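Q: I would like to learn how to read the features of a protein model, one at a time. Could we go through them together, with the general idea before each case?

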Amino acid sequence: MISLEDLEGLDEEEQDDDITDNPEPMGEEDSERLLSHWRAVASTHQVSVPTEMMGPIQEMTHNRQQRESVPYVAISCQEKMGEVLYEERAYPAGKWACVTQGEELYEQSISMSFMKLMRFICKENSAGRHLGMTVPVVSTIHMMEDGKTFDKNVLTGFYLPAEFQNDPPQPSDSDIVIMHRDPVRVLSRTFFGTTTEETVTRQIGLLWEMVGTPEDVMSDYYMVAVYENPGVSRRRNEIWFIRRNQ
């Protein structure tokens, strides 16, 4: 899947040192190699990467080391035999750039959204500049009435860096909306690997087994937080359950 984490830069094993570390503009050969890589990644999830994505891909690769964490306060941590099962956290209110996509596959929806957000981060905004990367990128999944099937419409959000929270740059793409999101309290469980509908469904089930059936935890929507470049073999993700009463 293509994500904003993909677009921060390739796994170091996928890149030569001259691409990863050289602050100078890329040559034509390096640029073509980057674009070919993204197209190969996208094809596995039935998504195409147009040639005009070359500039944003280069920009994100050039700035791959500049990452800011979404702020939160740790509330509690549940452990078993020294292993962290899940954490409870409080995330403050803030401004997010959000896109909603309703493709046939969950993977297609978040991939298309990530590419739109990437262009917003890379100068297609009223500030006319690279905004900087924050992690995690968070997707919101609503469940159908059967409680098992994902709604096709998936909202993917990018938390605006601290310097833009009070005065957010406006997106050039009308599909991107700057949203004020209220504080949220979550139960968070880490998992590693891919974030497909199948793997996310499995993680939702595992976390329910751990937390039981608390009445103040929502069961009609969940969040998936993505931290790592999908080129990393054990990339970090989290499934978030939402507390009803903030």
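This is a predicted model: local features need pLDDT of at least 70, side-chain atom pairs count only at pLDDT 80 or more; totals for chains, interfaces and linings use all residues.

Q: Which strand is joined to strand 10 by 6 bridges?
A: That is strand 6, which runs antiparallel to strand 10, and within this pairing Val137 has Val226 of strand 10 as its bridge partner.

Q: Is strand 10 buried or exposed?
A: A residue is called buried when its relative accessible area is under 20%, exposed when it is over 50%, and partly exposed in between (1.4 Å probe, protein chains only). In strand 10 (residues 221-226), 6 of the 6 residues are buried, so the strand is largely enclosed by the rest of the structure. Tyr221, Met223 and Ala225 point one way, Tyr222, Val224 and Val226 point the other way, and all are buried.

Q: How many aromatic pairs does a search of the whole structure find?
A: A pair of aromatic rings is described by the distance of the centres and the angle of the planes. Rings of Phe, Tyr and Trp (its six-membered ring) pair if their centres lie within 6.5 Å, and planes under 30 degrees apart count as stacked, over 60 as edge-to-face and the rest as tilted. The search of the whole structure finds 6 such pairs. One of them is edge-to-face, with Tyr106 and Phe150 at 5.6 Å centre to centre and 80° between the planes. Tyr106 lies in helix 5 and Phe150 in the loop between strand 6 and strand 7, so the pair ties together parts that are 44 residues apart in sequence. Both Tyr106 and Phe150 are buried. Another pair is tilted, with Trp208 and Phe241 at 4.7 Å centre to centre and 45° between the planes; Trp208 belongs to helix 6 and Phe241 to strand 11, 33 residues apart.

Q: How many residues of helix 5 are buried?
A: An α-helix has 3.6 residues a turn, so residues three or four places apart point the same way. Helix 5 is mostly covered, with 14 of its 16 residues buried. Just after helix 5, Lys123 takes a positive phi of about 85°.

Q: Which side chains does Arg243 contact?
A: A polar contact is a pair of N or O atoms within 3.5 Å; within protein, one must be able to donate a hydrogen and the other to accept it, and residues adjacent in sequence count only if both atoms are side-chain atoms. The side chain of Arg243 has a polar contact of 3.0 Å with that of Glu88 and one of 2.9 Å with that of Asp216. Arg243 is placed in the segment after strand 11, and Arg243 counts as buried because its relative accessibility is 17%.

Conventions
Residues are numbered from 1 along each chain as its sequence is written. Side-chain values use heavy atoms; hydrogens and water are left out. Helices (H or I, at least four residues) and strands (E, at least two) are DSSP runs, numbered from the N terminus. Two strands pair if DSSP finds at least two bridges between them.
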